Amino acid sequence: MASSFLVDDALRHAVGLSLPGVDRDAIGPTGLLASRFAVLELAAVAVGAVEDAADRLRVALGYEPVHAVLDLERIAAAYQSDRLLRIDGAAVDAFAPLSGFFPAAGGWVRTHANYPHHRRRLSAMLGIGDDATRAELASAIASRSAVDLESEAAGVGALVVAVRTAVAWTSTPQAIVGDGPLVGRHGGSAGSRIASALRPTRLHPLRGLRVLDLTRVIAGPVATRTLALLGAEVLRIDPPQVPEIPWQHADTGQGKRTATLDASTASGLATLQSLADEAHVLVTGYRPHAIERLGLVPQAGLVTGSVDAWGTTGPWGDRRGFDSLVQAATGIALIEGADGAPGALPAQALDHTSGYLLAASLIDEVAGGVEGRTAGDVHVSLARVGAALRGLPRATHDAAVAIPGERCLADHGAVQTARPALSGFDDYPFPARGLGSAEPRWRTRR
């Protein structure tokens, strides 16, 4: 059996997306991204937004639009890419032992300790060794208040949130993020610099565009990977002090070059500033205002895109966060759970959706530059996307859960990854290359 629905303006409006697009058929097997929430519909809207934006850019450049049908199986595979990833034939564990749900006094907490520096902060906060086991962490948490742990963690840079109901989340001051636009936009600068940089083709309308990528984990890398798929030159920069987790880059680093640069030094910051000065788009995934604190000054004419966990204002506006934590704090985890225990969505859906929405918005800013309009700065927040998901009618699905098939996978030597969510592309321009394998400079000079 196949599921089929239409991604039209009614569904876009239900999600909270204001820009119109063409009606697109979404077709695939039943049971994909099975959830108590309308995850598949949200995913189709987000990927459809990229298709719409790319077609708007094509029209602005004088090409015919593509009008691609949405392949739900390919979209589901892209959203569940971490579960489908194989390195030397082996699956990866998306979460470290100290990441997950733990009972606390009066409720539950969710921790995130995938990165070594986050694990060290969590262990130090709880007075357990850096090599503590999951059982030792659970024991240290069990007698503590979930909300107190959340507050203490925020103060020391660790990652712990109290698992809340949706009602409890809406009573917090930070829930105001759910009332804002799905994609925020502000500012605006002359777009002629972008228009003159493009060397487009119909399939690759972003060819000639330089994208400086200061993101990691999922949402930001998905956005920049999508821009690379459409022809942009993407250069990702990572700090040597906090290396990326290699499998995560293998999962989302396709089509990009990657370099290491220590921007905490004068020479490193100068190099980063030079790269930004020569870029057309800057995409950041660090906490709000981190770029300003670093000392990087975006120049006029540079389009910027950013993604954050909790929004840019409010008491949580400067907190660290990940998709799993946003699900836990905003009520999604308890609805998705069973027998009073929290659960999780079938994918890091807030991350992936944010990434595609950010990519779509940046493509529209490029189209604005081509048409002589001002090109502004755009941002998305995982918590706002979570509010969009909670606002959709609850999903109904068959008991059988569909797993994306072999047609959705690409093999590159020792690595097997999901193919692009955009159905018009068989694969990305090239597989993820080794972290730090490129020099911190643009491939072509102008």
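Strand S13 (281-284), H13, S14 and strand S15 (375-381) each contribute at least two residues to the lining of the second largest pocket. Helices (H or I, at least four residues) and strands (E, at least two) are DSSP runs, numbered from the N terminus. The structure is a predicted model, in which local features need pLDDT of at least 70 and side-chain atom pairs count only at pLDDT 80 or more, while totals for chains, interfaces and linings use all residues. Residues are numbered from 1 along each chain as its sequence is written, and side-chain values use heavy atoms, with hydrogens and water left out.

By class, the lining of the second largest pocket comprises nine nonpolar, ten polar and four charged residues; Ala, Val, Leu, Ile, Met, Phe, Trp, Tyr, Cys and Pro count as nonpolar, Asp, Glu, Lys and Arg as charged, and the others, Gly among them, as polar. On a 1 Å grid over the protein atoms alone, a pocket is an open set of points with protein on both sides within 12 Å along at least five of seven lines, a cavity is a set of points where a 1.4 Å probe fits but cannot get out, and lining residues have an atom within 4 Å of a point. Grid points are joined across faces, edges and corners, and a volume is the space filled by probe spheres set on the points.

The largest pocket holds about 980 Å³ of space. Among the 41 residues that line the largest pocket, Arg216, Gly285, Tyr286, Arg287 and Ala290 are the closest to its centre. Two or more lining residues come from each of helix H5 (116-126), helix H10 (219-229), strand S11 (233-238), helix H13 (290-294) and strand S14 (303-308). H13 gives the most to this lining, with four residues. The lining of the largest pocket has 22 nonpolar, nine polar and ten charged residues.

One cavity of 30 Å³ or more is found in a search of the whole structure. The largest cavity has a volume of about 170 Å³, and of its 17 lining residues, Ala94, Val217, Ile218, Gln248 and Gln348 are the closest to its centre. Helix H11 (246-252) and helix H14 (323-329) each supply at least two residues of the lining of the largest cavity, and H11 gives the most, with four. This lining divides into seven nonpolar, six polar and four charged residues.

Three strands form an open sheet in the order S1-S2-S3, with mixed pairing. Strand S1 (2-7) and strand S3 (70-71) are the edge strands, each pairing on one side only; two strands pair if DSSP finds at least two bridges between them. S1 and strand S2 (residues 24-29) run antiparallel and are joined by six bridges. Arg24 in S2 is the bridge partner of Val7. Helix H2 (residues 39-60) lies across S1, S2 and S3, at about 50° to S1.

The buried residues of H17 include Leu382, Arg384 and Leu389. Asp93, in contrast, lies in the loop between strand S5 (90-91) and strand S6 (100-104) and is exposed (over 50%), with a relative accessible area of 61%.

Note on methods. Contact = heavy atoms within 4.5 Å. Axes fitted to C-alpha atoms, helices over the stretch in contact; angles between N-to-C directions. Buried < 20%, exposed > 50% of the residue type's maximum accessible area, 1.4 Å probe, protein only.
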